[in-house]
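Subject: Structure handover

Hi,

Here is the structure I promised to pass on. Please open it alongside this note.

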Amino acid sequence: MLFRASKGLLNVSRDDGLPPNLHAPWPTFVNDLGQYFVTKIETIQLKLDIESFDSVTSLLDSVPVDSPSVSVPLFTDFENLSTSDVASLIRRSALKSCPLDPIPSRDWKEALVYPVLKKPGLDAVNKNLRLVSNLAFVSKLTEKAAFDGTSSHMSANGLYPIAQSAYRPNHSTDTALLKVKNDNLLNMNKQHVTLLVLLDLSASFDTVDHVILLRTLGSLGIGGTVIEGYRSYLSGRGQRIPVRGCTSERFNPDCGVPQGSCLGPLLLSIYTSSLLSIVQDLLPTVPCYADDNQLYVSFSPADENGQSDAIAAMEIIWIYQQS
């Protein structure tokens, strides 16, 4: 609300930041941009030490889900929604539209993804753009219903990562910043030095591996028709890029979750929860907000091995992050 008010007072336009004339025609631009992001994700995938992505599509149909790693009640079926439940979902949804909205929708798994400059003033080149999904309204209602059921299961059983301050009730950027500030002030009171490393995961939404995500969902007690619903939701997704009246061909990424949906952020939090558990075995606390991670460890200057031990812990975390 603060940013919306300030933009209104300063008469900041909602321009997409793209120049009025490019060296290439708009149809060529949108297709080249779509292919750039596909190639970008493929390049990142090749650097990751995970299962081959070549067979992800076929694996989705048969991948077994992990058994719950802790003793939690199983979540295997979504509750049927009443008319009042659907009305409540509509009232709680943002009044935003999408060209894919007319019913019947051609494909609820297709998104229009709009290129947005990462920061104002940057050149409108591929590396400075990020894609934000705009989904059909009815599909967003379905996502919201799935979100409510899954989030309730996780909240009731304490399954949300403690260190994650994004995409959950009563948590925000404020709670993440306050945690970091409070811990560092306490360390200063003990006359300790703090080694702080700030990490931003590259293309975190776009590189979510569907096979690993499904297995992680299973480890949280999610199964039955719920896990099959997520399996369907993740498979066969497509996206097109519209810019100033021109729309690209359809691209079909075999990984990632939509950025701009309500389920995408929840699934990202679940996906990264295993990484946080590994990191927390090495460091006392790792506050994070979405894909921004703050790694820090304190030590006494009087400890001759304190600095080397702190650096060694960070180096181990770096190896985990890379893999």
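Below is what I found, taken one region at a time.

Keep in mind that this is a predicted model.

The sheet first. Three strands form an open sheet in the order E3-E8-E7, and the pairing is antiparallel. E3 and E7 (288-289) are the edge strands. Each has a single partner strand, so one side of each lacks a neighbour in the sheet. Two bridges connect E7 with E8 (residues 292-299). Across that pairing, Tyr 289 sits opposite Asp 292 in E8. Helix H6 packs on this sheet and touches E3, E7 and E8. The direction of H6 makes about 10° with that of E8.

The loop between helix H6 (173-189) and strand E3 (193-200) contains Gln 191. Gln 191 is not a glycine, yet its phi is positive, at about 65°. Is Gln 191 buried or exposed? Its relative accessibility is 62%, and exposed means over 50%, so Gln 191 counts as exposed.

Then helix H7. Eight of the 10 residues in H7 (residues 210-219) are buried, so the helix is largely enclosed by the rest of the structure. Among the buried residues are His 210, Val 211, Leu 213 and Leu 214. Thr 216, Leu 217, Gly 218 and Ser 219 are buried too. At the start of H7, a side-chain oxygen of Asp 209 comes to within 3.2 Å of the backbone nitrogen of Val 211. Just after H7, Gly 221 has a positive phi of about 85°.

Best wishes

Terms used
Residues numbered from 1 in each chain as written. Predicted model: local features only at pLDDT ≥ 70, side-chain atom pairs only at ≥ 80, totals over all residues. Heavy atoms only, no water. Helix = DSSP H or I, 4+ residues; strand = E, 2+ residues; numbered from the N terminus. Buried < 20%, exposed > 50% of the residue type's maximum accessible area, 1.4 Å probe, protein only. Pairing = 2+ DSSP bridges. Contact = heavy atoms within 4.5 Å. Axes fitted to C-alpha atoms, helices over the stretch in contact; angles between N-to-C directions. Polar contact = N/O pair within 3.5 Å; in protein donor to acceptor, adjacent residues only side chain to side chain.
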